[in-house]
Amino acid sequence: MSVAKVREYLTAYGVADRMREFEVSSATVELAAVAVGVEGARIAKTLSFKVGEGPILVVAAGDAKIDNSKYKHYFHAKAKMLSPDEVVERIGHAVGGVCPFALPADVRTYLDVSLRRFSTVYPAVGSPASAIALSCEELERCCGDNFVEWVDVCKGWQEEDNG
């Protein structure tokens, strides 16, 4: 079970006790926001792409959308999402519970700057009915060796950032 794998992984970072599992689905930003009790923008959604032959993850704020031109400029490739079957095979978590924790070594993880406006964000932890509260610094640290860097590849969130 993916949640158990993530719990074991996050124990080493001292944050596993903050993991929450819900009786309701948190598989989408909207559902996760209701389950956690926060605005959707604070949900740290994890998007799975293929660059060349390798898988990457982009973790972004719930109200952010991939900006194709920024993505192409940064990754030198068109944004091509993994299929649900590829996500399970290459990332190790099913769609709805994809998170940047307990990943295969070849999965490069990028955090989008859209998250930085929040003191706490809520990524999934391996199932479509789970989340954890982390600061952006903790999120980066808990990505472990898979973390590459912070990127700016999203749009749509700046309009919401007026105060």
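Tutor: Let us begin with Arg-117, which counts as partly exposed because its relative accessibility is 24%, and the category lies between under 20% for buried and over 50% for exposed. Please bear in mind that this is a predicted model.

Student: What makes the pairing of Arg-117 with Asp-63 a salt bridge?

Tutor: The closest N and O atoms of Arg-117 and Asp-63 are 2.5 Å apart. The cut-off is 4 Å between a side-chain nitrogen of Lys or Arg and a carboxyl oxygen of Asp or Glu, so the term applies.

Student: Which parts of the chain does the pair of Arg-117 and Asp-63 tie together?

Tutor: Arg-117 lies in the loop between strands S5 and S6, and Asp-63 in the loop between strands S3 and S4, so the pair ties together parts that are 54 residues apart in sequence.

Student: Why is Asp-63 called buried?

Tutor: Its relative accessible area is 17%. Buried means under 20%, so the label follows.

Student: What are the labels of Lys-50 and Glu-86, buried or partly exposed?

Tutor: Lys-50 has a relative accessible area of 17% and is therefore buried, whereas Glu-86, with 22%, is partly exposed. The boundary for buried is under 20%.

Student: What makes the contact of Ser-2 with His-93 a polar contact?

Tutor: The side chains of Ser-2 and His-93 make this contact at 2.3 Å, and the cut-off for a pair of N or O atoms is 3.5 Å. Ser-2 is in helix H1; leaving aside neighbours within four places in sequence, the residues in contact with Ser-2 also include Gly-92 and Val-125.

Student: Why is Ser-2 called buried?

Tutor: Its relative accessibility is 15%, so Ser-2 counts as buried.

Student: Why is Pro-123 called buried?

Tutor: Pro-123 has a relative accessible area of 0% and is therefore buried. This residue is in strand S6, and among its contacts beyond four places in sequence are Ala-44, Phe-101 and Leu-139. The C-alpha atoms of Pro-123 and Leu-139 are separated by 8.6 Å.

Student: How many salt bridges are there by this rule?

Tutor: The count comes to seven.

Notes: Residues are numbered from 1 along each chain as its sequence is written. This is a predicted model: local features need pLDDT of at least 70, side-chain atom pairs count only at pLDDT 80 or more; totals for chains, interfaces and linings use all residues. Side-chain values use heavy atoms; hydrogens and water are left out. Helices (H or I, at least four residues) and strands (E, at least two) are DSSP runs, numbered from the N terminus. Buried means under 20% relative accessible area, exposed over 50%, partly exposed in between (1.4 Å probe, protein chains only). A polar contact is a pair of N or O atoms within 3.5 Å; within protein, one must be able to donate a hydrogen and the other to accept it, and residues adjacent in sequence count only if both atoms are side-chain atoms. Contact means heavy atoms within 4.5 Å.
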